[in-house]
Amino acid sequence: MNDHEQGFFTELNSAEVVIGRNRNAKDERLKQVMAVITRKLHEAVKEIEPTQQEWFEAITFLTRTGHMCTDWRQEFILLSDVLGVSMLVDAVNNRKPAGASESTVLGPFHVDDAPELPLGTNICLDRKGEDMVIAGVVRDTAGRPLANAKIDVWQTNDDGFYDVQQKGLQPDFNLRGVFRTDQEGRYWFRAVKPRFYPIPDDGPVGQLLGKLGRHPFRPAHLHFILSADGFETLTTHIFVPDDPYINSDAVFGVKASLLAEFERVDDADRARDLEFANPFWSVDYDFVLAAAK
Ligand code: BEZ
Ligand code: FE
């Protein structure tokens, strides 16, 4: 028997035998990752002591999760989201310096080819919902405004669906767009107040949430990706703070610093200038980008 071999597989030495078998892996990182995952998985089996039936149910669940995946539906990412793993991966990869805006999950509904629009554009193309104007400044951590920063934004419509979930029903690029900050780092655009909505819950992940007594809702939010030369790209949201699901986001994406203030404005003149119904919503939210490492 070689040194690295632990003998035949037993309940006691199970993880070490499997890990030892990977000793010739060419990729050190893969070897390390598989060692950790093997150790934790065996630990879980030893703690849970699943019956053969339970183990098979778990395999069936993963099989159904795979079958649910298509080019536009990624059920495994959804599983990672509801287990809090996506937010944890986001956290370990986005440790920001003091003062920088915090990140949160990307989610599945970003598109790469949203149109670049002039500041002030109304991105609500289906004209449903409560009018909202949003404005702010993008700065660096020293407080200097960042001109020409790119702001990619997307949100659901008033029925709680992204345009890509309702192709043909919603206009293409409804409630999404790309803006550039002006010389003073300012941005602004018009949209509608976002609403809470369920993550796609018609598959195995939705069934799992149901069995766990969990709802599938995300509190109302707008998505942002901000980028500027010399700065780390920031993927984040801003949330409606009094949303009924603000403390129970299905994917754990809420952070205190991402709660924006949604002010109800009753001002007929301003409403007319904005081509809004009166009253309307106004949001001021500034972003701070961290310098690239
Ligand atoms: C979203 O906010 O678009 C989202 C995030 C995670 C899972 C599903 C949707
Ligand atoms: Fe979303």
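Around the iron ion (ligand 2), six donor atoms subtend angles of 53 to 167°, which makes the arrangement irregular. Keep in mind that this is a predicted model.

**The iron site**

- Tyr162 (OH), Tyr197 (OH), His221 (NE2) and His223 (NE2) coordinate the iron ion (ligand 2), at 1.8 to 2.1 Å.
- Read along the chain, the donors of the iron ion (ligand 2) are spaced as Y-x34-Y-x23-H-x1-H.
- Tyr162 sits in the loop between β2 (150–154) and β3 (176–180), while His223 is in strand β7 (residues 221–227), so this pair ties together parts that are 61 residues apart in sequence.
- Tyr162 is buried, with a relative accessible area of 0%, and His223 is buried as well, at 3%; the cut-off for calling a residue buried is under 20%.

- Ten residues from domain 1 and 15 residues from domain 2 take part in the contact.
- Between them, domain 1 and domain 2 bury about 1100 Å², with 66% of that on carbon and sulfur atoms.
- On the domain 1 side, Leu78, Asp81 and Val82 supply 48% of the area buried against domain 2, more than any other three residues.

**Salt bridges**

- There is one salt bridge between domain 1 and domain 2.
- Asp202 forms a salt bridge with Arg73, and their closest N and O atoms are 2.8 Å apart.

Technical notes. Residues numbered from 1 in each chain as written. Chains lettered and ligands numbered in written order. Predicted model: local features only at pLDDT ≥ 70, side-chain atom pairs only at ≥ 80, totals over all residues. Heavy atoms only, no water. Donors = N, O, S within 2.8 Å, 3.2 Å for Na, K, Ca; no water. Tetrahedral: all angles 85-135°; square planar, octahedral: opposite > 155°, others 65-115°. Helix = DSSP H or I, 4+ residues; strand = E, 2+ residues; numbered from the N terminus. Buried < 20%, exposed > 50% of the residue type's maximum accessible area, 1.4 Å probe, protein only. Contact = heavy atoms within 4.5 Å. Buried area = accessible area lost by both parts, 1.4 Å probe. Salt bridge = Lys/Arg side-chain N within 4 Å of Asp/Glu carboxyl O.
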